[in-house]
Amino acid sequence: MDTVPGGAGHLPPYPERVRLYDQAFAADPARTYARLREYGEAVPVELAPGVPATLIVGYEAALQVLRDPMTFPKDPREWQQDVPHDCPVLPLMMYRPNCMYTDDPLHTRLRRAVTHALDHIDSSSLREQVGDIAEELIAGFSAAGEADLLADFARPLPLLLFTRLLGCPPALSERLARGFKGIFDGVDAEKANAELTQGVAELIALKRRLPGQDLTSRMLADPVGLSDEEALHQVLLLMGAGAEPEQNLIANGVHLLLTSEKMADDVWGGNLLIEDALDELLWTDPPIANFGFTYPRRDVEFRGTVLPAHQPVVIGFSAANTDPHSMADARVGNRAHLAWGAGSHLCPAKRPALLIATAAIEKLLDGLPGLTPAFPGGEATWRPGPFHRALTALPVRFTPTAAGPRRHR
Ligand code: HEM
């Protein structure tokens with residue numbers, strides 16, 4: 001068997017870089033993480049063919065990286081110079097002038113505008129808006145007795161919600177949602193990207209003229225004084241960072257409740273809140289499994305290995321959370337998991353993100369009596385990819401209700 005040359009420094013001989021993009025990894029990531037841990041806390045992986053990286057699989061090691069932005073900066077520009085344009089992970093990893101890909105002092109400035117805007121979200125109004133959108137979506141399929149809850153519910157819900165929270169008028173919302181769907185489906189992605197960018201630019205022009213009580217207006221009004229271009233990139237980030245992980249938290253949460261008898265009994269029996277069931281999922285199988293890229297500026301000696309300069313270091317949030325040496329065993333009621341990241345790039349939306357998923361799932365359970373999974377072959381299948389934990393579909397059956405869902409009380 002080949003061994004990994006250089007790169008991973010002083011690791012014991014390591015069979016070959018694990019491909020985080022193939023079907024075998026997607027089918028059983030926990031098995032891969034257990035195997036990787038045998039080689040240390042920072043192990044060589046491949047993110048796409050010919051794209052090496054180091055995955056951090058230890059909890060303490062992950063915290064050390066996340067809390068040390070001087071040694072572990074986020075700006076990927078040096079790395080991406082040598083990456084082919086058609087590399088499949090480039091669109092997600094390439095530099096954008098938003099708070100996720102920048103370092104101080106720019107990061108603090110951009111993040112301030114984003115967090116101040118998100119801090120204004122009122123929980124009860126958010127719950128109501130999620131409920132309205134969920135009811136509309138459920139009404140679209142409740143008479144059929146079957147649905148794909150990923151395509152028909154979990155995917156559209158966050159997009160519809162975020163275009164509303166950003167203050168988009170209906171016609172603009174449709175264009176933005178279409179642009180996002182085009183990028184996601186990979187159908188004429190360039191045209192979809194252009195439609196999305198143009199739409200967001202129009203939204204910003206509109207909110208400069210006519211500010212409202214929405215996320216876009218709040219970011220524009222922030223004393224940090226975002227330029228139009230900066231505002232455009234923070235809006236795109238909020239939509240992108242909000243849509244994919246949120247849809248996966250909703251779908252994976254429903255999947256957990258439909259496939260774990262214990263979890264379902266505890267929720268139906270009133271012993272476990274949906275929010276706590278989701279927190280369990282955020283410990284064991286978070287929707288953003290591997291992320292938090294950083295690119296050391298020089299070779300870094302790190303816990304018995306060397307992290308090569310300008311090569312991505314990726315935080316294995318899922319592997320770190322389930323690290324047997326961490327406190328994960330004592331996790332009941334404990335939210336010290338890393339599913340929202342940690343340090344200066346900690347997810348600024350963790351409170352609303354959890355509330356959105358909780359409210360959406362409550363509506364589903366309320367509106368679809370007799371909900372059961374209907375996977376062809378009996379088992380869920382997972383979408384390959386190094387970063388997400390995402391179902392390919394969530395087919396279900398339920399008792400048809402022609403009148404649509406009941407209103408949640
Ligand atoms: C289930 C849902 C979500 C999960 C699991 C999640 C997780 C994360 C994680 C792990 C990070 C850190 C990334 C890093 O270190 O590079 C992050 C950052 C971020 N998230 Fe979330 N997120 C979720 C939902 C959302 C939503 C709904 C929004 C927006 C409305 C959002 C906005 C952001 C932003 C702006 C950042 C970048 C912060 C910075 O770099 O300073 N996230 N998120």
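Predicted model: local features only at pLDDT ≥ 70, side-chain atom pairs only at ≥ 80, totals over all residues.
Cys347 sits in the loop that links helix H16 (317-321) to H17.

Another cysteine, Cys87, comes out as buried, with a relative accessibility of 6%. With sulfur pairs required to lie within 2.5 Å, the disulfide count here is zero.

Turning to the helices, H6 covers residues 106-119, 14 residues in total. From first to last C-alpha H6 reaches 20 Å, close to the 20 Å expected at 1.5 Å a residue. The buried residues of H6 are His107, Leu110, Arg111, Ala113, Val114, Thr115, Ala117 and Leu118. In an α-helix there are 3.6 residues a turn, so residues three or four places apart point the same way. Among the elements covering the buried residues of H6 are helices H12 (215-221), H13 (228-259) and H17 (350-367). H17 is also the helix on one side of the loop that holds Cys347.

Helix H10, spanning residues 170-185, contains Ser173. Ser173 has a relative accessible area of 15% and is therefore buried, the cut-off being under 20%. Leaving aside residues up to four places away in sequence, Ser173 touches Thr163 and Cys168.

How values were computed:
Residues numbered from 1 in each chain as written. Heavy atoms only, no water. Helix = DSSP H or I, 4+ residues; strand = E, 2+ residues; numbered from the N terminus. Expected span 1.5 Å × (residues − 1). Buried < 20%, exposed > 50% of the residue type's maximum accessible area, 1.4 Å probe, protein only. Contact = heavy atoms within 4.5 Å.
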